[in-house]
Amino acid sequence: MSDIKTPSRYTITAALPYTNGPIHIGHLAGVYVPADIYARYLRLTGKDVAFVCGSDEHGVAISMKAKKEGVTPKDIIDKYHAIIKQSFVDFGITFDNYSRTSAKVHHDTASEFFINLYDKGDFIEETTAQLYDEEAQQFLADRFVIGTCPKCGNEEAYGDQCENCGSSLNATDLINPKSTITGTIPTTKETKHWFLPLDRYEEFLREWILKGHKDDWKPNVYGQCKSWIDGGLEPRAVTRDLDWGIPVPVPGGEGKVLYVWFDAPIGYISSTKEWAAREGKDWEPYWKDENTKLVHFIGKDNIVFHCIIFPSMLKAEGSYILPENVPANEFLNLEGNKLSTSKNWAVWLHEYLVDFPDMQDSLRYTLTANAPETKDNDFTWKDFQARNNNELVAILGNFINRVVVLTNKYYDGKVPAAGNLTDVDTETLEQLGKFPDIISSSIERYRFREAGQELMNLARLGNKYLADAEPWKVIKVDEERVKTIMNVALQIAAGLAVLSEPFLPFTSNKLKNILNIKLNSKQDSETERSRSLNWNDVSTIEALLQPEHQINEAELLFRKIEDSEIQTQLDKLEATKKANQNENKKLMPQKDTITFDDFSKLDMRVGTIIKAEKMAKAKKLLVLKVDTGLDVRTIVSGIAESFSPEEIIGKKVTVLINLAPRALRGVDSEGMILMTENTDGKLVFVNPDEDSVGNGEGIK
């Protein structure tokens, strides 16, 4: 457990997204939404926070994308950095700084870090045999090699990791390796690299993680770390033979770059430097003061790098603090299938923001409610619709709308003074006062799903209170009582405005405008702060909204999502699935070459099926009568699993008529009908589509 009782400051990092594609919902659910909830919450409670991130613009993924598209790596990083950065802004992710690893401050910081360890003798320098593509005349870094995983047999494992079983690999471990650049089988060639000797840090890691964080790190994180450490750590290369990245800044490093997993986490430090320089702050306390709490938000595929490799780098350097927690999430799937950037099986953030304008919070809420915190979870568009319509609209939106409409109707928008409180009123206000601590407890234990549901429980409390009190009925007989009811309901509404900010920031802003309140901000003057609310006020202030406080007119916080909108998204995914099937379908190899004379012997004619019936005791066969224009003949065809007899009667087809008859289950078949398959494996007739083509016409 941490020795920091009350941190002086917080440094929060979110995994640097690769700039080889846009942001999708898997990234959001796994990393960016929980990180933003945590940062927003800490700011609301008055904490000093540096929330940093940036684009990861080096490494093989960028080079591969550039080669595939026929452009330079810089073209790729500039394109996707702009898309990613703007998507985060539009989605309300409140980074204090979003940098990029191509920035000079990062190149300088990473180079200095490497030189520091190099000068201290912390690296091992070795010449080893690496895979080499003779045709491309280059060494093959991890992702330029594909082959069979030696641990699970997956035939499409990469040279650094098998995405099927999650094992970390070296390219030379692969069985039957193949270059992804040219498709050739690589050779081996000697090359010099520098290695971080992780085995030297094994005891430190055992003490720090396996003993020190046994009780406070998530089981999935702790378990993966324990497996790695117990399996025995080996030296890990920190340089690569590539032409894209940060040049190795020592003699002998010509033509080599820093391995992306050495360079990328240092991006958190360089992003903090960039932020501090802009804000006139000292960056070092956020990384070197023992009273700083450092938290990394990542996905499970990055656990080893953030819990084993980066901490070993920091330990080797000697002046940096270590992360207090690394609350990694599992993976989010989409409609039952694994999210994939390369296969376009994703919900892209920038596209979502176009398809569902001003509905950021609907997605934030769904991803939080369904976050893969302890196991892989599935995002479905139907669940998204249900969460929006049945919870945000029907519970939270409904409560706020009723409170605001009734206040404007009965009191011209002025908060009425409460009279004598009943036991129910008192109990309801007491419950309201408990929610900040309840939600805080969940957030501080990184249980964001739980925290989000507690927020919705506060809205449920408000709905139940109003439904039971029935002010729209009581107003006819006891106007004073209604003032108290509405006062209590308005306090709950104000509590929701404050406590929803980390989870539903756009909704919180709408609600603050409706209620004519604001939350504390670092930029506020003392006078402004005295008129605004913070997280703890919900528990400590007797009345969040004072009598006679003027609120504004109602506006809908959420809108209902229609079935047609969901169907559009499902259709988009179905189109992607079919495109992938087309791309992945293995075509029949070309048969032996024939002469023109061979082809001219084939007599293919246009015909029409005039009768069809199933062959007895044969699952696949139909017996057809086909009018060929020359005659009506019997043809037995293996199409019964793709077509019923009824649906093909009258179908115009292409028939090979000079095929020697063949007996099939006692029936002579006098020809063959031409067929092919679609992407679903269903048989399709190869037929003329012009109505004017008559039976018996030859195919030339």
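A charge sits over a ring if NZ of Lys or CZ of Arg is within 6 Å of the ring centre and within 35 degrees of the ring normal. K300 lies over the face of F331, at 4.7 Å from the ring centre. The charged end of K189 is placed over the ring of Y132, 4.2 Å from its centre.

The model is predicted; local features need pLDDT of at least 70, side-chain atom pairs count only at pLDDT 80 or more, and totals for chains, interfaces and linings use all residues. Residues are numbered from 1 along each chain as its sequence is written, and side-chain values use heavy atoms, with hydrogens and water left out.

## Aromatic pairs

Rings of Phe, Tyr and Trp (its six-membered ring) pair if their centres lie within 6.5 Å; planes under 30 degrees apart count as stacked, over 60 as edge-to-face and the rest as tilted. The structure holds 37 aromatic pairs. Two of these are tabulated here.

| Pair | Centre to centre | Angle between planes | Class |
|---|---|---|---|
| Y38 and Y446 | 5.4 Å | 45 degrees | tilted |
| F297 and F448 | 6.1 Å | 50 degrees | tilted |

The pair of Y38 and Y446 links distant parts of the chain, 408 residues apart. Y38 belongs to helix α1 (residues 25-44), while Y446 is in the loop between α13 (423-444) and α14 (448-469). Helices (H or I, at least four residues) and strands (E, at least two) are DSSP runs, numbered from the N terminus. F297 lies in strand β13 (residues 292-297) and F448 in helix α14, so this pair ties together parts that are 151 residues apart in sequence.

Buried means under 20% relative accessible area, exposed over 50%, and partly exposed in between (1.4 Å probe, protein chains only). Y38 counts as buried because its relative accessibility is 1%. Y446, at 7% relative accessibility, counts as buried. F297 and F448 are both buried.

One aromatic cluster is formed by F113, F114, Y118, F123, W194, F262, W283, W287 and Y320.

## Strand pairing

Strands of a sheet pair through backbone hydrogen bonds, either parallel or antiparallel. Two strands pair if DSSP finds at least two bridges between them.

Strand β9 (residues 187-196) pairs with strand β4 (residues 124-133) in the antiparallel sense over 9 bridges. W194 in β9 is the bridge partner of E125, and W194 is also a member of the aromatic cluster. Strand β10 (residues 236-237) is joined to β9 by 2 bridges, and these strands run antiparallel. There, A237 in β10 is the bridge partner of F195.

An open sheet of 5 strands has the order β19-β18-β17-β20-β23, with antiparallel pairing. Its edge strands are β19 (632-637) and β23 (672-673), each of which pairs on one side only. Strand β20 (residues 652-656) and β23 run antiparallel and are joined by 2 bridges. Within this sheet, V655 stands opposite I673 in β23.

An open sheet of 3 strands is ordered β7-β6-β8, and its pairing is antiparallel. β7 (157-158) and β8 (175-179) are the edge strands, each pairing on one side only. Strand β6 (residues 145-148) meets β7 in the antiparallel sense over 2 bridges. G147 stands opposite A157 in β7.

## Cysteines

A disulfide is a pair of cysteine sulfur atoms within 2.5 Å. By this rule the count is 0 disulfides. The cysteine sulfur closest to that of C162 is in C152, at 3.6 Å, which is too far for a bond. C165 is in no disulfide either; its nearest cysteine sulfur, that of C162, is 3.7 Å away. C162 is buried, with a relative accessible area of 0%, whereas C165 counts as partly exposed at 36% relative accessibility.

## Cavities

On a 1 Å grid over the protein atoms alone, a cavity is a set of points where a 1.4 Å probe fits but cannot get out; lining residues have an atom within 4 Å of a point. Grid points are joined across faces, edges and corners, and a volume is the space filled by probe spheres set on the points.

The structure holds 3 cavities of 30 Å³ or more. The volume of the largest cavity is about 40 Å³. Its lining consists of A29, V33, P34, I37, N329, L367, T368, A371, E373 and F448. Helices α1 and α11 (360-369) each supply at least two residues of this lining, and α1 gives the most, with 4 residues. F448, one of the lining residues, is also the partner of F297 in the tilted pair above.

Definitions and conventions: 1 Å grid on protein atoms, 1.4 Å probe; cavity = no way out; pocket = protein on both sides within 12 Å on 5 of 7 lines; lining within 4 Å.
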